Amino acid sequence: MGDNHWHRREFIQGIGATAAGITLSSCAISGDRSAKGLTEEALAVKPLVRSQDLEKPDLTVGYVPVNDCAPFAIAWKKGFFRKYGLNVKLNREASWATSRDGVIFGRLDASPVVSGAVTNARIGAEGARHAPLCAAMTIHRHGNAMTMNKAMWDFGLRPWYEYQQNYGDGALEAFGRDFRGYFDKQPPEKKVWAVVLSSAIYEYFVRYLSAAAGVDPFKEFRVIIVPPPQMVTNVRIGAMQAYMVAEPWNTRAIKGNEGIGFTFAQGKEVWLGHPDRLLGVMESFINNYPKTYRSLVKAMIEACQYCGRPENHQEVAELLTERSFTGAKPKKPGAPVTKFTGPGILGNYNYGGFDDKDRTIQAADTTIFYDIPKNIPQAPGEHSTFLWRSRSLWLMTQAARWGQIKEIPQNANQIAERGWRTDLYRDIAAEMGIQCPQEDYKVEPPEVFIDRKPFDPSDPVGYLNSFPIRANAPSRFFMS
């Protein structure tokens, strides 16, 4: 094996060992990115829970500088942590690998993790550290997208919704033809798609999309891992041609901003209603500090509720621009402060393009923090923070499909039950007067997936075997 060929696991472990994020002091952000101390709003909050009644009131909680850190920013600013007796030190993480590994190795008490990280830590999927991670709630759904570079635009690729408009039922075939046509003309070093973490939902979406279009993602391009804030720069220097990441790092790429690419599709166009981030903790944290954990989940549910209310969206989008969080502020004088963070939160999402056509689409489901818009199939009492254990099984099917595990575990349901703690969420939500679905599993209908293939959690093996493009063994990770 040549020097430029690494095994996938070696590469991921190297990424995971990068330096931890900037540490924050008090319930605040410290170092260069100061937002120190409790805000006046937080100080004015009267705690419902006394700190001395909790097993561990002082917590270190991570976050990554993307739009979906909004509930953590709001919980800090509005005093929701304080309300439930918690003194939280927020910790800005360098990447989604450090966010996950910080929890696993005990540097963080809790942190958001990419969907797939909990499941794959438990099943020991390739590229995921083997550990008993748990989650009882979703931080948000949607809020992510796929960016393609200008060369792909110049070749003729366009946003997915335009393929649907122009080709109808033949949209996937037409996209696949253009997609393959572009990569067929590129040298190996220009056949690269970046995602934020291996063995997680973004990688699965990239592979799922391409395979649905008839393009084998193992044979026709490579997938690498890049932290969110580095995506735009790496496309600009030609290190990769496309990426999938949370906002605002897609909006930053379009013409009128950085001008290096356009949005091909939002993740919701691959799977409508999908969970993006979960609140990750170790199983031992739940067992050793049950009162503390309940307080943490309650604070985060309230923060998600706040972020989800339309009347708060502008405030949330502005808060995210602070250097402590995404730091995504426009440099041009007179530009709206929320030019980058606003589209993903306010829902006026611009796909961009290089023909001066306005591709701004207003939608209520661009990022979902709590209330679920009516266009998304949902059960009675369901809200965005609720976890469906069946979706953990879907993630296992993708880990097996792409060779990160040899087969779907025979005890898949038990793994889902231990990792995705829907039971705990339902119990905690009941204390807050929140209704929840009474079932843990549900069938995903065909209309929510880009290829119109439904998912029945009672037969994950049959679902996996229904895909003509899939791997039977772990793949290598190639670096040019």
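**Strands, helices and cores in a predicted model**

Trainee: Which strands does helix H5 lie across?
Mentor: Helix H5 (residues 96–104) lies across E4, strand E5 (133–142) and E11, and runs at about 125 degrees to E4. Please bear in mind that this is a predicted model.

Trainee: What is the strand order in the open sheet with E4, E11 and E5?
Mentor: The order is E4-E11-E5-E14, an open sheet of four strands with antiparallel pairing. Strand E4 (111–114) and strand E14 (367–368) are the edge strands, each pairing on one side only.

Trainee: How many bridges join E4 to E11?
Mentor: Four bridges join E4 to strand E11 (residues 275–282), and the two run antiparallel. Within that pairing, valine 114 is opposite arginine 277 in E11.

Trainee: Changing topic, is strand E6 buried or exposed?
Mentor: Six of the six residues of strand E6 (residues 144–149) are buried, so E6 is largely enclosed by the rest of the structure.

Trainee: Which residues of E6 point which way?
Mentor: Asn144, Met146 and Met148 point one way, while Ala145, Thr147 and Asn149 point the other way; all are buried. In a regular strand, side chains alternate between the two faces of the sheet.

Trainee: What does methionine 148 touch?
Mentor: Leaving aside residues up to four places away in sequence, its contacts include Leu157, Phe175, Phe179, Trp193, Ile260 and Phe264. Met148 is also one of the residues that touch the most other members of the largest nonpolar core, which has 99 residues. Helix H10 (residues 201–212) gives the largest share of this core, eight residues.

Trainee: How many residues are in the other core?
Mentor: That core lies apart and has 52 residues, among them Tyr63, Phe80, Trp388 and Cys436.

Trainee: One last topic: at what angle do H3 and H13 pack?
Mentor: Helix H3 (residues 70–78) and helix H13 (residues 290–308) pack at about 105 degrees, with axes 8 Å apart. H3 is therefore roughly perpendicular to H13.

Trainee: Which residues meet there?
Mentor: Ala70, Pro71, Phe72, Ile74, Ala75 and Lys78 in H3 meet Met300, Ala303, Cys304, Tyr306 and Cys307 in H13. The residues of this contact comprise ten nonpolar, no polar and one charged.

Methods:
Residues numbered from 1 in each chain as written. Predicted model: local features only at pLDDT ≥ 70, side-chain atom pairs only at ≥ 80, totals over all residues. Heavy atoms only, no water. Axes fitted to C-alpha atoms, helices over the stretch in contact; angles between N-to-C directions. Parallel < 35°, antiparallel > 145°, perpendicular 65-115°, else oblique. Contact = heavy atoms within 4.5 Å. Nonpolar A, V, L, I, M, F, W, Y, C, P; charged D, E, K, R; others polar. Buried < 20%, exposed > 50% of the residue type's maximum accessible area, 1.4 Å probe, protein only. Pairing = 2+ DSSP bridges. Core = buried A, V, L, I, M, F, W, Y, C linked by side-chain atoms within 4.5 Å.
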